[in-house]
Each structure stands twice: as C-alpha cells, then as structure tokens.
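This report describes selected structural features of a protein chain.

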Amino acid sequence: MMTSKIAPRRLSIFGSTGSIGQNTLNVIDHLGGRDNFEISVLTGNGNVELLAQQAKSSGAQLAVIANDRHYESLKSELSGSGIAVAAGKSGLMEAADREADWVMAAIVGTAGLAPTLAAARRGADIALANKECLVSAGDLFIEAVKNGGGKLLPVDSEHNAIFQVLEENQRHAVERIILTASGGPFRTSSLEEMANVTVETARAHPRWSMGLKISIDSASLFNKALEMIEAKHLFGLRPEQVEVIVHPQSVIHSMVGYTDGSVLAQLGAPDMRTAIGYALSHPRRANLPIERLDFAKLARLDFEAPDEKRFPALRLARLAMTRGGVQGAVLNGAKEVALEAFIEGRLPFLAMAEITEKVMDDLIDLPAAATMDDVFAADKEARQRAAGLIR
C-alpha cells in the first residue's frame, strides 16, 4: 500500500540575520531542513551578504532587506538564483502576505510591528521574539491573533518557559508567574559604580550571547521590564501577578505559581534553541542538540530579590501595566531613544530610566490605542519628548 508524502511545513523568518533568526535556521537544519520545511521568506536589515547566503542555502522563495538602500546589492547577490527580492517597508509587508504556516517574528524594534500583525491577521502561527508587538500594541496584537485563528508561540526564554509549564486546564488556578533574571553584569554593583559604567562593561552579559542593544537592556533590566508587560498580555494576567526574581545561574527560566501552593518551573541550559525548537515543534518536543543539565555539577541555585532602586526599569513596567493605554508604547519609545544616547556617549547609564519615567509622566493622558496608527503616534511622541529632554 502506497502512502502519500507529507508536504513540508512552510515557514517564514522575519529577522533571519539576527541571533534569533540564525538559531532558527540552525534548528530547522537539525530537524531535517528542506526535507521537512519549505522557506517562504527570509528578511534582514542590512547584512546583505549573510541574508543572500541564508536564502540560497535554505532555498527561500523571497528575500527582503528592510534597509532599501541595500536593494540593488541584494538583487546582485541573488542574481540567477531564482529567489525574488524586495526591500523597505513595502517589502516587509509583502513578506507578511506570503503564504506561510509558521512565522518567526524576530525583527527588532517597532519595524517588526506591522509585518508581524499582518501575518497574525492572515492566520499564521506566530513564534514571537519581537517585544514591541506586546509591549507597544498588546491588546491590538492579541486581538489580531485571536481573530486570525493562528497560535501565538512565545520564543523569549522566560515566556517560553511559562508556556511549557502553564497547564491549560488550570489557568483559573494560576496565582502568579515568576520571571527569572540573571541580574546582568551589574547585579552586585553599587549605585555609585553604575553611574560611571561604559558601553563595553554594560554589553558584557555573564550568561547570554546577544546583540549590543539587548545586552545593554539586560544590564539595566529594561529587557526584563518589557518581558513583564509581555507576560501580562501573553497569559492574561493582572499586573500584580507578574513577579521577577534574580537567579544568576539562569538555569530556571521561569516559574508558574498555583493557588494550591505548587510552583512549576522549567529548567534547562541557557540556549535559545530550546525555546525555538519548542515553538517550531509544538505541541510535540523535538530532539535537539542542547547541553543536558548535570545536577551534580550544578550544585546550587541562587535567588535574590531585585533592587528596584538600582534597577528602576522594573518599577516603570509596573507603572505602565497599571496605567494601561499606550504607556507601554511610550515606555518603549522613550527607552529606545535613551538607549541610543547612552551608546553614543550622550547620556549616563542610570539616566536612561530617569528620561523614560519623565516621558511616561508627561504623556500619561494620551488616549488608549484603537488602531496601529495610534500606537505609532504614541511611539513617535515619546521618542520626540525623550530626544528633547536629552538635548
């Protein structure tokens, strides 16, 4: 008796040249590559050579470069390959409209909002690594996923951990979720020491290998602040149900506490491929080449409460969640401008939170977002206010 071959799953990777995108392609190759998956679209920002190489090796149908100044270069690199080329915002929207069952949303920043939202509305399963979708437009994005009918699969290691241990039939019994934070390079530093840190010391994360901006966000715990807001939307929680604990070993990635006193945790080596593989294979688990935990060698797990005087970003996240409306978009927009100023040497490390809080207070009366245009308007206003304060 003959059996028909199962058609490969069709995938798109938004942000394939970044660390999440590269790890996604690594997982895809490990799980069978072209035999099991068909790559519809790959997108990158400015790394033409890497994007072209990825497109050729994966057999992608379309390659999109977000920076349209690199369009001709990408077109030249892919000449004769049969791979279609597009660029800019229109190219990203074309990528979102392309047929794909599963989309890795890993474009950094607000540039990822529109294409990810469009893919969600189309009904694709969204493997979410872009923070702005939930931080800046949480209600709109959750509604788009619901109306589109696809699944929302968190890829951030902390949210993916919660996704793994949150029992769907016990949601009514969830008392709290506990996000773990490594504490970053300044976990034991004093306020006086943190006032004089440099970009180089801030980017030196003790556990994870990441890009410049996200490494500095991790050092200030702004990354964790954004994850708090994301968790609220992802899992339908009240602000007071979202907690953070510092866990330097980064072995427990997050926990869910239930009303009977039980706490379920997800443990694993700090490797993003675990979360990516789970999102790609859900609801099954894949066989991945991840380092296995040796509990005898691990010996100990440490925990400590975060110090919100040294890391005020956590307090600002609670403020944004409590206030609601577009405060998440305002927080993110102001923080992005402050972060750029720190990287460029125009703002001290600790002043990033001061600028962000001032902008949040100034724009507290902005109305809630009914459309994406409202989100972009709030983001733009926050960035302009922050830039003015820094000047």
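## Salt bridges

With a relative accessibility of 9%, Lys131 counts as buried; buried denotes under 20% relative accessible area, exposed over 50%, and partly exposed the range in between, with a 1.4 Å probe and protein chains only. The model is a predicted one, in which local features need pLDDT of at least 70 and side-chain atom pairs count only at pLDDT 80 or more, whereas totals for chains, interfaces and linings use all residues. Residues are numbered from 1 along each chain as its sequence is written, and side-chain values use heavy atoms, with hydrogens and water left out.

The structure holds 26 salt bridges, each defined as a side-chain nitrogen of Lys or Arg within 4 Å of a carboxyl oxygen of Asp or Glu. In one of them, Lys131 meets Glu227 at 3.5 Å, N to O. Because Glu227 belongs to helix α12 (residues 222–235) and Lys131 to the loop between β6 (125–128) and α6 (132–135), this pair ties together parts that are 96 residues apart in sequence. Helices (H or I, at least four residues) and strands (E, at least two) are DSSP runs, numbered from the N terminus. Glu227 is buried, at 1% relative accessibility.

Asp217 and Lys335 form a salt bridge of 2.7 Å, N to O. This pair links distant parts of the chain, with Asp217 in helix α11 and Lys335 in helix α16 (residues 327–343), 118 residues apart. Asp217 and Lys335 are both buried.

## A partly exposed pair and a network

The side chains of Arg315 and Glu357 also meet in a salt bridge, at 2.9 Å, N to O. Arg315 lies in helix α15 and Glu357 in helix α17 (residues 351–362), so the pair joins parts 42 residues apart in sequence. Arg315 is partly exposed at 34% relative accessible area, and Glu357 is partly exposed at 23%. A network of salt bridges that share partners joins Lys131, Asp156, Glu158, Lys224, Glu227 and Glu230.

## A mixed sheet

Four strands form an open sheet with mixed pairing, in the order β9-β8-β10-β11; two strands pair if DSSP finds at least two bridges between them. The edges are β9 (242–246) and β11 (263–267), each with a single partner strand, so one side of each has no neighbour in the sheet. From one strand to the next, the twist averages 20 degrees.

Strand β8 (residues 174–181) runs parallel to β9 and is joined to it by 5 bridges; Thr180 has Ile245 in β9 as its bridge partner. Strand β10 (residues 252–258) runs antiparallel to β11, also with 5 bridges, and Ser254 stands opposite Gln266 in β11. β10 and β11 form a hairpin with 4 residues between them, and Gly261 in the turn has a positive phi of about 95 degrees.

## Surface patch

Leu267, Phe295, Leu301 and Phe303 make a nonpolar surface patch of about 350 Å². Patches are made of residues with over 30% relative accessible area and no salt bridge; like charges are joined within 9 Å, and nonpolar side chains (Val, Leu, Ile, Met, Phe, Trp, Tyr) within 5 Å. Accessible areas come from the Shrake-Rupley method with a 1.4 Å probe, and for residues only the protein chains shown count as cover. Leu301 lies in the loop between α14 (295–298) and α15 (313–323) and is partly exposed at 31% relative accessibility.

## Annotated positions

Under "binding site", an unreviewed UniProt entry lists positions including Gly18 and Gly211. Gly18 lies in the loop between β1 (9–14) and α1 (19–30) and is partly exposed at 29% relative accessibility.

Conventions:
UniProt positions are given in the numbering used here, feature names are shortened, and annotations may be inferred rather than shown by experiment. Axes are lines fitted to C-alpha atoms, for helices over the stretch in contact, and angles run from 0 to 180 degrees between N-to-C directions.
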